[in-house]
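Visitor: Can you walk me through a few helices in this one?
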Amino acid sequence: MDWCIVSALWYFIPVYLAIHVLCFIFADADFTLLRASLMGHRPETKLKGLVVWVTGASSGIGEELAYQLARCGSRLVLSARREQELIRVKCRCLENSNLKDEDILVLPLDLLERTSHEEKTKTVIQYFGHVDVLINNGGRSQRSLCLETSVDVYQALMDLNFLGTVSMTKQVLPHMTQRGTGSIVTVSSVVGLAGAPLATGYSASKHALQGFFNSLRTELTDFPKILISTVCPGPVQSLIVDNAFTEELNKPVAMVGNQEHKMPTSRCVHLMLVGISNGVKEMWIAQQPFLLFYYAWQYAPTFAWSITALLGRKRVQNFKAGLDADSAYFTKPKTS
């Protein structure tokens with residue numbers, strides 16, 4: 001009997017591992033999140049009727065969040081600096097959902113104007129009565145080499161991405177602790193887990209967010225119904241590169257390449273909503289080979305450093321040659 005069990009395990013374990021390897025090859029998120037997407041709660045049932053405040057809602061991931069949340073039946077607060085863009089997003093939400101005009105509040109907000117955040121929060125509370133979910137999505141990226149980048153750019157990145165997000169969180173969190181329930185979801189990045197060239201300041205701001213929210217989560221153990229979740233996307237189709245900081249504050253990005261190789265925004269947002277609906281504390285969302293990068297940094301950092309050095313060198317070379325740093329990974333530069 002014992003020999004039969006050993007023989008069965010001898011064949012079962014390799015098959016089990018092979019299945020997991022095959023699944024990983026085609027995966028576009030960590031296994032916890034994918035398991036939730038297959039067997040967990042559905043966003044359209046868990047998020048229906050909830051008040052969700054989305055910052056950075058005028059484009060990219062924030063805009064897509066608004067559309068998918070509207071289809072789930074969530075009541076929305078849409079915030080960003082550009083009011084006309086927010087109105088455009090609201091109109092499209094109403095066209096493609098069963099929400100009514102009063103279910104969506106357009107609330108212009110600048111993350112850098114931290115003194116205004118208390119008043120903005122009061123406006124939301126007066127309008128809806130409470131906030132169920134705050135999604136900290138606002139921020140900007142970076143495309144510049146450290147040696148060429150002004151310290152003012154680093155200051156701006158930390159003020160916007162880190163302190164602006166912390167400020168919003170500190171305004172909304174007391175209302176959640178008072179009610180004993182709520183979710184604060186923050187969009188970080190793969191570079192919040194590991195460094196990447198051309199993004200020293202951006203990576204620093206995302207590492208700061210990871211440290212802040214990981215620590216905050218430990219302070220809220222007396223509030224088990226309050227979710228603190230960080231989302232770490234890899235390359236996603238959005239306008240984040242178009243709006244990135246360069247070596248000087250007001251200098252635009254010279255070139256934005258083709259984004260076909262990046263994950264569709266709709267897929268990224270769907271996985272985010274699955275994670276929120278199922279209480280996932282940290283989400284890794286990326287297509288291969290970027291997802292492998294997450295796991296390498298987590299479980300084999302020495303190997304990850306060697307891969308980072310190779311890819312980093314190519315990324316810097318492409319940037320210096322005037323090529324798009326992202327898409328050049330997937331295309332061969334033209335040679336004369």
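Predicted model: local features only at pLDDT ≥ 70, side-chain atom pairs only at ≥ 80, totals over all residues.

Visitor: Which residues of α6 are buried?
Guide: His 117, Thr 121, Val 124, Ile 125 and Phe 128. Buried means under 20% relative accessible area, exposed over 50%, and partly exposed in between (1.4 Å probe, protein chains only).

Visitor: Where do they sit around the axis?
Guide: They are on the same side of α6, because they cover an arc of only 95 degrees, taken from the directions from the helix axis to the C-beta atoms.

Visitor: And which exposed residues are on the face turned away?
Guide: Glu 119 and Gln 126.

Visitor: What does the buried side of α6 pack against?
Guide: Its buried residues pack against β1 (51–55), β2 (75–79), β3 (104–106) and α7 (151–179); contact means heavy atoms within 4.5 Å.

Visitor: What follows α6?
Guide: Gly 129, with a positive phi near 95 degrees.

Visitor: New topic. At what angle do α10 and α11 pack?
Guide: About 135 degrees, with the axes of α10 (residues 290–299) and α11 (residues 301–320) 6 Å apart.

Visitor: Which residues meet there?
Guide: Phe 293, Ala 296, Trp 297 and Tyr 299 of α10 meet Pro 301, Phe 303, Ala 304, Trp 305 and Thr 308 of α11. The contact has 8 nonpolar residues, 1 polar and no charged. Ala, Val, Leu, Ile, Met, Phe, Trp, Tyr, Cys and Pro count as nonpolar, Asp, Glu, Lys and Arg as charged, and the others, Gly among them, as polar.

How values were computed. Residues numbered from 1 in each chain as written. Heavy atoms only, no water. Helix = DSSP H or I, 4+ residues; strand = E, 2+ residues; numbered from the N terminus. Axes fitted to C-alpha atoms, helices over the stretch in contact; angles between N-to-C directions.
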